[in-house]
Amino acid sequence: MSVLIAPSLLSANFLNLQKDVEMLNRSEADWLHLDVMDGVFVPNISFGFPIIQKIRGATTKILDVHLMIIDPERYLERFRKAGADVISIHAEACKNPLESVKIIRSLGARAGIVINPETPVNVIENLISQVDMVLIMSVHPGFGGQSFIQETFGKIEAVKTMISEINPGVLIEVDGGVDLLNAGKLVKSGVDILVAGNTIFASPDPLQTIHLLKNIS
Ligand code: DX5
Ligand code: ZN
């Protein structure tokens with residue numbers, strides 16, 4: 001399977017989202033990555049249900065919703081109803097991550113567990129059998145356009161080992177600072193889904209940049 005590309009709409013033009021979503025519909029992007037921030041778990045606020053609902057109506061691509069919100073279990077059903085196909089929650093943000101991933105699956109969505117750069121991988125060991133995806137943050141969450149943290153490669157390796165021992169079907173997604181220089185190494189390390197915001201939307205030709213990421217080796 002070739003790597004899946006998930007452009008992050010955080011770097012899109014919010015005044016003309018339709019244009020960007022239509023561009024993504026024509027592109028080789030596989031998923032649309034939607035970053036929800038609450039201003040508490042991360043020092044930034046982004047968007048919520050109405051925007052996700054509108055995007056749902058404008059694309060048939062998989063909606064990959066990354067919740068950077070505290071106690072996400074309060075809103076899982078609403079994100080699913082708004083159109084999320086994949087819902088990822090931070091291990092650091094919920095009281096009972098195991099219960100939350102079970103709820104996500106019971107709603108018919110795929111469940112992802114996210115870890116911040118400073119969170120050790122053993123924190124999610126007991127969740128691997130219950131999730132569809134592990135999202136490894138390669139920047140500190142909250143903002144697009146940051147530089148990739150090199151230590152992420154060691155973490156990918158550790159998560160890969162854990163997955164192969166416990167639940168080999170689990171996908172690995174990497175989010176933050178992904179660009180045309182590090183994408184090849186990420187794919188070789190076994191990453192299944194690359195999130196990219198700034199690299200795609202700040203490029204002169206986003207369609208071509210998505211094409212290059214999709215075909216990176
Ligand atoms: C950061 C978000 C990312 C962000 C990635 O908190 O989770 O999805 O949009 O943006 P880039 O690719 O620009 O680092
Ligand atoms: Zn994200």
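In this predicted model, 20 residues surround ligand 1, each with a heavy atom within 4 Å of the ligand. The closest are S8, G142, G145, D175 and G197. By class, this shell holds eight nonpolar, 10 polar and two charged residues. Here Ala, Val, Leu, Ile, Met, Phe, Trp, Tyr, Cys and Pro count as nonpolar, Asp, Glu, Lys and Arg as charged, and the others, Gly among them, as polar. Strand 2 (31–37), strand 3 (62–68) and strand 8 (193–196) each supply at least two shell residues. Strand 2 gives the most, with three. Strands (E, at least two residues) and helices (H or I, at least four) are DSSP runs numbered from the N terminus.

A polar side-chain atom of S8 lies 2.8 Å from a ligand 1 oxygen. For G142, a backbone N or O atom is 2.7 Å from an oxygen of ligand 1. A polar backbone atom of N198 stands 2.9 Å from a ligand 1 oxygen. Taken alone, ligand 1 exposes 380 Å², of which the protein buries 99% (Shrake-Rupley method, 1.4 Å probe).

Ligand 1 takes up the space of the largest pocket; for this, more than half of its atoms must lie within 2 Å of the pocket's grid points. A pocket is an open set of points on a 1 Å grid over the protein atoms alone, fitting a 1.4 Å probe, with protein on both sides within 12 Å along at least five of seven lines. The volume is about 280 Å³, taken as the space filled by probe spheres set on the points. Of the 25 lining residues, F143, G144, G145, G176 and G177 are closest to the centre; lining requires an atom within 4 Å of a point. Strand 2, strand 3, strand 8 and helix 7 (198–201) each give two or more residues to this lining. It divides into 10 nonpolar, 12 polar and three charged residues.

Local features need pLDDT of at least 70 and side-chain atom pairs pLDDT 80 or more, while totals for chains, interfaces and linings use all residues. Side-chain values use heavy atoms, without hydrogens and water, residues are numbered from 1 along each chain as written, and chains are lettered from A and ligands numbered from 1 in written order.

Methods. A polar contact is a pair of N or O atoms within 3.5 Å; within protein, one must be able to donate a hydrogen and the other to accept it, and residues adjacent in sequence count only if both atoms are side-chain atoms.
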